[in-house]
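Hello,

Here is the structure I promised to pass on. Please open it first, then read my notes below.

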Amino acid sequence: MKFIFSTNFFMGLIYLLSGIICVLIFYIWRLYQQIFFLNQTTKYLQKDLKELDHQAKLIIKNDMELKLYQDAVNDKLKKLSFLKNFVNLSLNILDRDNLLQQIDKRTNQSLGFEKSCFILLPSMEVKVNLNFSEHELEALKDFIKNNQILLKALPLISSNLEAAKELKESLSSETFLLGPIITGANVQIVLCVCDCIMEEGITNAEKEVFSIICMYLGQCLDNIISFEALYHIREELQDKVKEKTFELTKTLEEKEKISKAKSNFISSVSHELRTPLTSIKGFSSLLVAEKFGRLPPQARERLKKIDDNVNKLVAMVNTLLDISRIESRKIEVNIATYDLNKLIYDTTDFLMPQIQEKDIVLTVDISPSFYVYMDKNLIERVLINLINNAIKFTPQKGKIAVKCMRGDSKAIVSVKDTGYGIPKDDLERIFEEFYRVNQPMHREVKGTGLGLSLVKRIIDIHKERIWGESELYKGTTFYFSLKVAKDV
Ligand code: ADP
C-alpha cells in the first residue's frame, strides 16, 4: 500500500512536473517569440530613427541653404534697387559734372566702399573725391597713366590683379576696384573705389554692380556728348536763322523803301501829268467837237486819234494814281457786308454790250444770295477788270463763265474764258505793273498792263488771295477769294 501510494504519488508528481515543464516550455517559447518580435520591431524602429535623423539633418541643411539663398536674393534685390535708383537719378542729367556728382557718399556706401573718386582722362583731373588722400590720388593717377591699355581691355581692375600689386601697397588696401568709363572707343573717366566695408570683402556681385555702373555712366556720357553736339548745332542754327532774318529784314526794308520811292515817283509823275493832260484833253475834245470852227477832214481824223490817245493816257494816269494810292494806303477803304451775287449780276449786266458785241456766250453761275466782307466799289473794279480782260482776250463767239462758290468761311469767285490763254512763265508775272504777255495775239489787243496790278492790290487790301490758271490757246481762269459774312 505504501508502495502503491508512493508509486502513484511519484507518478502524479512526474505528470505534474512534466505538465508544469510543458507549460513553462510553452510560456518560454511564447516569450522567446515575443522577444524575437520585439527585437525585430526595435530593429525596424532603429532603422526608421536613423532615416528620420538623416531626414532631419537634410531638412536642417536645406533650411540653411535656403537662408543663404534668401540672403543672396535679398542682397541681389538690394543691388537691383540701388541700380534702379541710380539709373532713375542719372536718367535726365545732361551735364557731365552733375552726372559724376551722382556718386555721392550714399551711393558710395550702397556700392560698399569707404572711398571713391573719378579721374578724368587725359587731363588726370580728379572729380568728386570722397575720402582719398592726396598721396593715394597720386598713386591712382600714376597707375592709370601707366595702364591705359589694361583699362581699355578689362571691364574692371581689382586688387587681386597682379598688375595692381604696387597700387595695393600705395593704397594700403586689399580691396579696391578701378572701372573704365568708355565713350566711343576711348576711356574718358576712371571710377576708383577703395576699402570695402563688407566683411566678406569684394564679392562677384559687387564687381558685377560696379562694372554695370561704369558701363551705364559711359552710356550717359555718350548721351551727354550727343546732346551737347545737338545743342551746339541748335545754337549755330539759331545764330544762322537770326543772321538770315536780319539780312531778310534788311532786304525787305530796302525793298519797301524802293517800293515806296517807286510809288512816290509814280504818284508825283501821275499828278504832274494829270494837270497838263486834263488841259490837253479839254482842248482835244473841243477841237474834235469843232467848237473852234470846222476842220479839214484830215486834221479832224488826226485830232480824233490824238483825242483817243489822250483818253488812254488819262485812264492810264488814273490807274497809276489808284495803284499808288492803294500802295501808300491813301485810299479810303470801306469794307462792309454786301451781297456778292448781286454785285456779280450788276457787273455782268453792265458789261453786256461788249459781250454781245463779240458774240460771246456768257454764263453766270451764282448760288442763292449771301453776304461777304468787301469794299463794294473796289471789288466791282476787280470784277470789271477780270471780265473785261476775258472779253478782250477771247475771240468772237467764245465763252465766258462767271461762277461764285460759297465755302464755310470763304467765297471763291472765278472768271473763266475760252480765250488765247497765258504761257506758264508769264502767269507768274502777270500781276506786275506794265507786264503784258509777249504773244502775237496778245499784242493785237490794246492795253496798259496795269489792270491786273490794280486788281492784285485791291485783293491784297482785303487780305485775300487771287490766282490764275491757264492753258495756251484753250483759255484762262482767274480766281479770287472773299470772307463770308456769317450772320447777315
Ligand atoms: P491789260 O489788259 O491792260 O494789258 P492787265 O494787267 O489787265 O493789262 O493784263 C496784263 C496782261 O495779262 C495782258 O496784257 C494779257 O497779256 C494778260 N491777260 C490778262 N487777262 C487775260 C485773259 N483773260 N486771257 C489771256 N491773257 C490775259
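This is a predicted model: local features need pLDDT of at least 70, side-chain atom pairs count only at pLDDT 80 or more; totals for chains, interfaces and linings use all residues.

The side chain of Asn389 has an N or O atom 2.8 Å from an oxygen atom of the ligand. Leu452 uses its backbone instead: an N or O atom there lies 2.8 Å from a ligand oxygen. Thr448 also has a polar backbone atom, 2.9 Å from an oxygen atom of the ligand. How much of the ligand's accessible area does the protein cover? The figure is 98% of the 530 Å² that the ligand has on its own.

Next, the nonpolar cores. The largest has 47 residues. Leu340, Ile379, Val382, Leu386, Ile400, Ile430 and Phe480 have the most contacts inside it. Several helices and strands each supply at least two of its residues, among them α8 (297–327), α9 (340–350), β9 (399–406) and β12 (475–484). Which element gives the most to this core? That is α11, with 8 residues. The helix α11 spans 376–392.

Take Ile379 as a way in. Leaving aside neighbours within four places in sequence, Ile379 is in contact with Leu343, Met374, Ile458, Ile459, His462, Phe480 and Leu482.

There is also a second, separate core. This one has 27 residues, including Leu100, Phe118, Ile189 and Phe210.

Best wishes

Note on methods:
Residues are numbered from 1 along each chain as its sequence is written. Side-chain values use heavy atoms; hydrogens and water are left out. A nonpolar core is a set of buried Ala, Val, Leu, Ile, Met, Phe, Trp, Tyr and Cys residues joined through side-chain atoms within 4.5 Å. Buried means under 20% relative accessible area, exposed over 50%, partly exposed in between (1.4 Å probe, protein chains only). Helices (H or I, at least four residues) and strands (E, at least two) are DSSP runs, numbered from the N terminus. Contact means heavy atoms within 4.5 Å. A polar contact is a pair of N or O atoms within 3.5 Å; within protein, one must be able to donate a hydrogen and the other to accept it, and residues adjacent in sequence count only if both atoms are side-chain atoms. Accessible areas come from the Shrake-Rupley method with a 1.4 Å probe; for residues, only the protein chains shown count as cover.
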